[in-house]
2 protein chains.
Amino acid sequence: MTGVLRPDAPAAGDAAAWIHRLGEARARLAGVAHRTPVVTSRTLDADTGAQVFLKCENLQRMGAFKFRGAWNAIACLTPAARHRGVVAYSSGNHAQAVALAAREQGAPCVIVMPSTAPAVKLEATRGYGAELAFHDQASEGREEMAERLARERRLSLIPPFDHPDVIAGQGSAAAELFEDAGPLDLLLVPVGGGGLISGSVLAARAQCPSCRVIGVEPEAGDDGVRSFRSGTLVHIEAPNTIADGARTPSLGRLTFAIVRAYVSDMTTVPDAALLDSMRWAAERLKLVMEPTGVLGLAALRTGKVEAHGLRVGVLISGGNVDLASLSPRN
Amino acid sequence: MTGVLRPDAPAAGDAAAWIHRLGEARARLAGVAHRTPVVTSRTLDADTGAQVFLKCENLQRMGAFKFRGAWNAIACLTPAARHRGVVAYSSGNHAQAVALAAREQGAPCVIVMPSTAPAVKLEATRGYGAELAFHDQASEGREEMAERLARERRLSLIPPFDHPDVIAGQGSAAAELFEDAGPLDLLLVPVGGGGLISGSVLAARAQCPSCRVIGVEPEAGDDGVRSFRSGTLVHIEAPNTIADGARTPSLGRLTFAIVRAYVSDMTTVPDAALLDSMRWAAERLKLVMEPTGVLGLAALRTGKVEAHGLRVGVLISGGNVDLASLSPRN
């Protein structure tokens with residue numbers, strides 16, 4: 001027993017087993033995660049010729065869907081493992097998600113962060129009661145350091161995406177969307193490490209099998225598109241994009257298998273389209289969305305995905321962004 | 001017949017007649033105005049010790065509650081009067097509200113605006129299909145010019161607040177809040193000309209008579225507080241505040257009578273508290289709110305209104321704001 005979560009994942013193709021996991025995750029999250037609203041806009045419908053349903057995970061607790069997977073993974077630990085505590089490596093939404101979910105489930109929590117992370121992110125994570133461990137980039141990788149801490153302190157490592165309990169938790173957002181919006185022809189999902197799209201496509205499989213699910217990446221971080229097209233896992237080191245949630249170098253082993261098995265297509269949008277959609281959402285919808293959060297919205301608004309006449313779901317993954325970037329003067 | 005809406009208002013004290021008007025307005029607005037969400041925040045509850053329900057009229061069509069009153073007033077016109085058209089004077093949310101509601105009800109629309117209004121506001125109003133009429137501040141007042149146009153062109157003047165159909169329409173927001181949040185101990189409402197608080201306090205009268213309704217103004221525009229305390233209508237010319245929706249020089253004749261009859265108290269908050277609450281809402285709630293929109297929220301967050309242990313409703317009146325003002329760097 002290393003204290004690290006054992007993957008214990010169903011095979012990617014075993015849809016029934018995944019759907020069962022998804023149902024269990026939803027039960028664990030009921031009354032804990034917000035059932036975030038599905039927002040519609042007459043202007044957006046008129047502009048796109050589609051009927052669009054925005055699932056607003058920017059309004060989720062700690063500001064992103066990541067809370068769902070983190071909560072579910074921690075809830076799946078044995079009571080003893082939860083009591084010993086958890087560790088995660090992230091400087092973004094996963095850090096805050098694990099910190100918050102751990103605190104509320106009474107689990108000690110260590111977050112491994114680069115010492116170069118912005119002070120505001122450090123403070124936010126500390127604010128949720130987590131212990132911070134800074135990693136020195138020269139000696140060992142962030143992931144390796146988290147694994148070492150897990151071994152040394154008998155903590156359970158909560159991975160950011162490549163884990164069945166994380167994937168099942170993330171899928172609960174799309175599951176709610178299908179319930180609230182009804183049948184959809186198309187679902188657009190931001191792609192970083194692939195946890196959200198994996199959970200989403202499994203939810204579609206369960207609730208609306210005819211819905212095409214399309215993943216959207218930033219142009220500079222198109223490893224997922226290239227992996228999807230080539231059939232082999234492509235890595236891009238440190239993609240240069242404002243979509244910080246999609247700077248992951250590649251999909252995971254498990255998420256790639258699920259994407260290959262079920263996702264209909266993958267596409268990209270440029271950073272300029274992300275900024276434009278963020279500002280449009282703030283101006284017109286009065287909603288703050290982060291760059292990664294609007295990947296699907298930008299693909300729709302730029303016409304990168306053809307949606308005319310369709311009922312289209314768009315997952316807005318988060319809203320944690322420096323407000324200065326919304327200003328048209330910057 | 002001048003074409004101007006006849007006030008035909010119940011006496012302020014005739015609550016039953018007002019509640020009947022409110023019910024009619026709600027029926028007219030069903031399926032037309034958004035039923036805006038009621039947002040809750042664990043952080044806000046923890047910070048205030050209250051259970052807080054934010055009625056998000058920043059998510060209303062055209063971005064403010066004003067759509068409700070404008071729609072209801074235009075819907076109350078005779079078909080012939082609607083066919084001739086409407087006129088309104090405003091450089092703010094009322095202009096866009098009347099323009100949008102008129103277009104959707106097939107009524108020609110003229111908006112009287114100062115020639116000094118920001119281009120973005122002119123464009124937004126034109127975007128809803130309204131004809132703009134610029135008034136020359138030297139020769140006649142804006143209101144007088146609108147009244148002249150109403151006479152000359154046989155248009156119906158849609159006043160910004162001091163009219164029973166406008167008041168009844170605005171009250172539909174609080175009516176929804178009481179339905180969605182359940183009984184409240186306290187309701188905080190922004191006050192400019194008093195249309196929103198008049199409608200809100202009448203809705204409280206109908207649905208939750210024990211709820212105390214408190215109006216909130218910016219410190220520099222405290223004409224309502226002074227009117228409420230003194231019992232005589234106080235005017236302040238051009239209050240210097242960022243809360244542009246509360247720059248009205250005084251309450252109306254009708255709204256003042258309703259405020260005196262039913263409102264429990266009035267208070268003020270400084271502009272700095274408005275900016276702080278706007279940024280907090282964007283950071284934590286991911287919602288864009290305008291300065292006037294957060295008057296009630298700021299009164300709550302600064303402790304200006306004691307709310308510990310109470311169930312508190314807060315009307316967020318609108319979200320039309322220059323996004324640059326949300327940036328902490330400004």
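Two strands pair if DSSP finds at least two bridges between them, and strands themselves (E, at least two residues) and helices (H or I, at least four) are DSSP runs, numbered from the N terminus. The legends below concern a predicted model, in which local features need pLDDT of at least 70 and side-chain atom pairs count only at pLDDT 80 or more, while totals for chains, interfaces and linings use all residues. Residues are numbered from 1 along each chain as its sequence is written, chains are lettered from A and ligands numbered from 1 in the order in which they are written, and side-chain values use heavy atoms, with hydrogens and water left out.

View 1. E1(B) is joined to strand E2 (residues 51–56) of chain B by 2 bridges, and the two run antiparallel. Step back and you will find an open sheet of 6 strands in chain B, in the order E1-E2-E10-E7-E8-E9, with mixed pairing. Its edge strands, E1 (38–39) and E9 (265–269) of chain B, each pair on one side only.

**View 2. Strands E8 and E9 of chain A.** Chain A also has an open sheet of 6 strands with mixed pairing, ordered E1-E2-E10-E7-E8-E9. Its edge strands are E1 (38–39) and E9 (265–269) of chain A, each pairing on one side only. Strand E8 (residues 212–218) of chain A and E9(A) run parallel, joined by 5 bridges. Look for Gly215(A), which stands opposite Met266(A) in E9(A).

View 3. The side chains of Glu57(B) and Arg68(B) meet in a salt bridge, 2.7 Å from N to O. Glu57(B) lies in the loop between E2 and helix H3 (66–75) of chain B, and Arg68(B) lies in helix H3 of chain B, so the pair, 11 residues apart, links distant parts of the chain. A salt bridge here is a side-chain nitrogen of Lys or Arg within 4 Å of a carboxyl oxygen of Asp or Glu. Over all chains, the structure holds 33 salt bridges.

**View 4. Where chains A and B meet.** The contact (heavy atoms within 4.5 Å) takes 27 residues from chain A and 27 residues from chain B. The copies meet through the same surface, because 100% of the interface residues of chain A are also interface residues in chain B. About 2,000 Å² is buried between the chains, with carbon and sulfur atoms giving 53% of that area; buried area is the accessible area (1.4 Å probe) that two parts lose on being put together, summed over both. Arg42(A), Lys286(A) and Leu323(A) supply 35% of the area that chain A buries against chain B, more than any other three residues. The count of salt bridges between chain A and chain B is 0.

**View 5. The axis relating the two chains.** A rotation of 180° with 0.0 Å of shift along its axis superposes chain A on chain B, with an RMSD of 0.0 Å. The two copies are thus related as by a two-fold rotation axis. In chain A, the C-alpha nearest the axis belongs to Leu287(A), 2.4 Å from it. The superposition is by least squares on the C-alpha atoms of residues with pLDDT of at least 70 in both copies.
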